[in-house]
Amino acid sequence: MSFLALFISLPTKASTGRMRVWRSVKALGCATLRDGVYLLPDSADSAATLDEVAAQAVEAGGSGEVYRLSECDEAQQAALRALFDRGEEYAGIAEEIKELGRSLASLAGAAAARKLQPLVRRFEQVTRIDFFPGEAQRQTLSLLDDLRDAITRRMSPDEPTARQADIPRLDRADYQGRTWATRARPWVDRLASAWLIRRFIDPSARIVWLASPADCRNDWLGFDFDGAAFSHVGTKVTFETLLASFGFDSAPALVRLGELVHCLDVGGLPVAEALGIESLLAGLRASEPEDDVLLARACEVFDWLLKSYEDKTT
């Protein structure tokens, strides 16, 4: 692997320009080789962004140049990679996750969820500039997922538990004009699954909102609760189970949407737009007491997301 090195020099009095350059270097996740020399792994995107920072330095009355460091031996490679270590940042986040976990018993579920969000945002910010992820990232993600699960269980005790099973491929023709049922006051997995059912599986589907999973009739197709026809299987959330069941798991845009739903429902690998979509859906849920209206408005969000993902994957 080669690296890009940004060499910058700024006049002492250029405090505004110096701060602007420093913030840019920090936001990009650059490693500091020495004062005025900053590194990024070599890529076209990195080259373009470092050129922009170099231009900022020139605008501030200083100088900025970007060079490529290549043909490093293994020892040099290891030393340069070590400069990008994010272990201390992950350790700080992990300690706050543990502290929130210890206080969970004294917090209401909604309050705990609000306290979790800044930690999720910080973790995602670090992962975006963690060019050489390792055990520290994995351990912090595991702690975050465990805490998210604990908070979810408090807020939604009926959330399904994953079962281990094969997912058979089904024929959509056998699932037309049916009644589909899930728990009332739906959140992201149920909303996205209902959208997928009506958009791609059963356009004339009737959606029933259950006060309790026990209210599901034998001739209804339940989803996203224990014992339902479609729910969590292995590592897949209900939306992903439906994708696999009806052959949509080869559609890149829908798979990408599944990654977003998975992230918001049970955690896991961060998705850049997850927090924004979560805030939008939370606002919709808080403002719409009628589940049918909530679904109709959420469907617009998923339509927009699908279009965005299609544009990025074609």
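Me: What is the strand order in the open sheet of 3 strands, and is the pairing parallel or antiparallel?

Reply: Strands of a sheet pair through backbone hydrogen bonds, in either a parallel or an antiparallel sense. In this predicted model, the open sheet has the order E6-E5-E7, and its pairing is parallel. Strand E6 (206–210) and strand E7 (221–222) stand at the edges. Each has a single partner strand, so one side of each is left without a neighbour in the sheet.

Me: Over how many bridges do E5 and E6 pair?

Reply: Strand E5, residues 179–183, pairs with E6 in the parallel sense over 5 bridges.

Me: Which residues does the annotation "domain: ChrB C-terminal" cover?

Reply: According to the unreviewed UniProt entry, that annotation covers residues 180–307. The span is 53% helix and 9% strand, and its end C-alpha atoms lie 25 Å apart.

Me: How many helices and strands are there in the protein, and what does its C-alpha trace span?

Reply: The protein has 11 helices and 7 strands. Its C-alpha trace spans about 75 × 50 × 40 Å along the principal axes. Of the 314 residues, 45% count as buried. Among contacts between residues at least 6 apart in sequence, 73% join residues at least 24 apart.

Me: What should be noted about the surface and the charges of the protein?

Reply: The protein exposes about 16300 Å², of which carbon and sulfur atoms supply 50%. There are 37 positive and 47 negative side chains, and the centres of these two sets lie 4 Å apart.

Methods
Residues are numbered from 1 along each chain as its sequence is written. This is a predicted model: local features need pLDDT of at least 70, side-chain atom pairs count only at pLDDT 80 or more; totals for chains, interfaces and linings use all residues. Side-chain values use heavy atoms; hydrogens and water are left out. UniProt positions are given in the numbering used here, feature names are shortened, and annotations may be inferred rather than shown by experiment. Helices (H or I, at least four residues) and strands (E, at least two) are DSSP runs, numbered from the N terminus. Two strands pair if DSSP finds at least two bridges between them. Buried means under 20% relative accessible area, exposed over 50%, partly exposed in between (1.4 Å probe, protein chains only). Contact means heavy atoms within 4.5 Å. Accessible areas come from the Shrake-Rupley method with a 1.4 Å probe; for residues, only the protein chains shown count as cover. Lys and Arg count as positive and Asp and Glu as negative; His and the chain ends are not counted. The place of a charge is taken as NZ of Lys, CZ of Arg, CG of Asp or CD of Glu.
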